Amino acid sequence: MFARMIQKGKTFVQAALVTFIGLSVAAYPVSAHEWEPRWSLAIHGGAGTITPENLTPELREQYEAALQEALDAGSAVLKDGGSAMDAVKAAIVPLEDNPLFNAGRGAVFTWEGENELDASIMDGRDRSAGAVTGVKSIKNPILLADAVRTESRHVFLSGAGAEEFAAAHSLETAPPEWFATEKRREALERMKARELSALDVDHKFGTVGAVALDLNGNLAAGTSTGGMTGKRWGRIGDSPMIGAGTYADDRSCAVSATGWGEYFIRVGVAQEICTRLRYRFRQEIDAAQATVPKGPEGFPTYIVHASEFRLSTEQVQEEADAVMSEVKELGGDGGIILVTPDGYSLYSFNTAGMYRGRATSAGVNEVAIFAGE
């Protein structure tokens with residue numbers, strides 16, 4: 001039957017060209033050399049009201065150096081053929097250890113004056129995931145989240161139970177003074193004294209995250225945060241929620257989010273982007289097939305195969321931006337980082353700035369802060 005579907009004398013290349021010429025979309029045929037192994041990494045350190053006016057040159061230099069350190073750590077893993085999962089952890093740990101960010105050391109204070117930490121991680125190979133929330137003594141929550149993923153039958157642990165699990169698996173702990181910083185304490189005091197909201201004292205959302213593609217074509221994502229200043233009643237944001245703040249699926253993408261968690265939860269931002277990309281790809285393949293001429297018997301002269309096509313950078317950006325527009329329409333703000341199986345590393349944010357960086361096997365290596373950079 002398939003033999004009848006191939007018009008006599010037409011070569012593979014000719015058929016592919018016919019398909020390509022007929023396309024009105026940006027998906028395009030992929031030649032063999034474009035499928036060589038590649039790696040890609042993107043990181044973030046929070047999004048929000050970040051402008052040159054409220055960031056001194058000295059402080060900007062510190063942020064850029066911290067982002068580059070994390071980017072270098074994750075890139076080193078990928079360059080050596082390491083896994084996307086290991087690269088994500090390698091990139092996030094130094095961000096958790098840096099008091100500039102709202103994750104681990106430097107986390108914001110709850111209403112009661114404590115630092116409560118959340119984190120999640122996901123492997124795109126099998127969609128295994130681990131998450132923790134409300135831990136107070138774990139030095140690197142992203143490592144605990146990964147231990148939940150690999151060493152337990154569960155996905156999400158909280159509070160004292162998560163701490164007990166950490167102790168059983170010898171995760172490194174730290175005293176309260178390790179996490180506490182004067183800058184974050186002052187923000188809480190200012191919030192209480194002036195009856196401000198968390199958004200009034202947090203000019204940025206300092207959540208950190210990383211997404212990666214390794215040379216084996218596998219994806220991973222991770223996110224870590226201290227939440228929002230003055231959070232009460234055991235409030236949990238999107239960062240430790242698989243599907244909202246973190247998601248990875250080798251079929252579509254890996255995403256880590258930062259922003260106003262309540263809105264990211266309602267939209268299911270991370271999984272929504274990955275799902276849209278998966279279905280967008282299928283739509284583009286169907287559109288391509290519709291352009292293939294039919295033979296005398298009415299059968300297509302060529303069957304378009306998914307392995308011959310990929311989404312363009314512009315199409316991936318469109319879907320990510322569309323989801324972030326939904327967040328904005330509901331009243332939320334923030335941003336995401338994203339990596340695809342083709343090695344694209346992208347950002348999408350609806351704020352004045354986002355601490356971010358990306359590196360690829362193609363030679364990209366950059367960090368940025370403000371919109372438009």
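I started with Arg356: its charged end sits over the ring of Tyr347, 5.3 Å from the ring centre. For "sits over" I took NZ of Lys or CZ of Arg within 6 Å of the ring centre and within 35 degrees of the ring normal. I noted another such case, Arg232, with its charged end over the ring of Trp111 and 4.4 Å from the centre.

A caution to myself: this is a predicted model, so local features need pLDDT of at least 70, side-chain atom pairs count only at pLDDT 80 or more, and totals for chains, interfaces and linings use all residues. Numbering runs from 1 along each chain as its sequence is written, and side-chain values use heavy atoms, with hydrogens and water left out.

Next I looked up ring pairs (Phe, Tyr and the six-membered ring of Trp, centres within 6.5 Å; planes under 30 degrees apart are stacked, over 60 edge-to-face, the rest tilted). The structure has four aromatic pairs. One of them is Phe101 with Tyr355, edge-to-face at 6.4 Å centre to centre and 85° between the planes. Phe101 is in the loop between α4 (84-96) and β3 (117-123) and Tyr355 is in strand β14 (residues 353-360), so this pair ties together parts 254 residues apart in sequence.

I found Phe101 and Tyr355 both buried; that is under 20% relative accessible area, with exposed over 50% and partly exposed in between (1.4 Å probe, protein chains only). Ring pairs also link Tyr63 with Phe101 and Tyr355 into a cluster.

Last, I checked Trp260 and Tyr263, an edge-to-face pair at 4.9 Å centre to centre, 75° between the planes. Trp260 is partly exposed at 22% relative accessible area, whereas Tyr263 is buried at 15%.

Note on methods. Helix = DSSP H or I, 4+ residues; strand = E, 2+ residues; numbered from the N terminus.
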